[in-house]
Amino acid sequence: QMCIRDRSTQSTWGDTLNLSEFIDSAELLIKTLSPAERARIFDGPYGSTKEKDCTFHPSINKKSAEIAQKLRPYGSSSLYDHYHEERRAFEVRMKEKRSVKDKEELRECIFRPVLVLSLIHI
């Protein structure tokens, strides 16, 4: 049997191809395939996988799980909700600190004008 290495040369089965020759041959083969054949190759058992086919579940080190539980005690609530709750608490603390700072600055003010109403008699 004969296979086409490129359009000008031919070789028999069993010849060794370098990487660029292999890629060229694969591209030429893909161009000759029908859409159904392409789908069978690229979407088949070795092609693209669907999320439902993924069965990998990472095993988590027990010590890491303990540390994560201490650092993230929010448990089953979503990370999004936890973030927003932390953000609200942070904003409240910052508002209180600003208020205390403003009061301290006002307490340090020593200029207190004395307003005297003078009565003018006509």
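Reader: Which helix holds both arginine 87 and glutamate 91?

Author: The model is predicted, so local features need pLDDT of at least 70, side-chain atom pairs count only at pLDDT 80 or more, and totals for chains, interfaces and linings use all residues. Residues are numbered from 1 along each chain as its sequence is written, and side-chain values use heavy atoms, with hydrogens and water left out. Helices are DSSP runs of H or I with at least four residues, and strands are runs of E with at least two, numbered from the N terminus. Arginine 87 and glutamate 91 are four residues apart, about one turn, in helix H4.

Reader: What is the N to O distance in the salt bridge of arginine 87 and glutamate 91?

Author: A salt bridge needs a side-chain nitrogen of Lys or Arg within 4 Å of a carboxyl oxygen of Asp or Glu. For the side chains of arginine 87 and glutamate 91, the N to O value is 3.3 Å.

Reader: Is arginine 107 buried or exposed?

Author: Buried means under 20% relative accessible area, exposed over 50%, and partly exposed in between (1.4 Å probe, protein chains only). Glutamate 104, its salt-bridge partner at 3.2 Å, is partly exposed at 36%. Arginine 107 has a relative accessible area of 59%, which means that this residue is exposed.

Reader: How many salt bridges are there by this rule?

Author: Arginine 88 also forms one with glutamate 85, the closest N and O atoms being 3.0 Å apart. Arginine 88 and glutamate 85 are three residues apart in helix H4 (residues 79-108), so about one helical turn separates them. The count of salt bridges is three.
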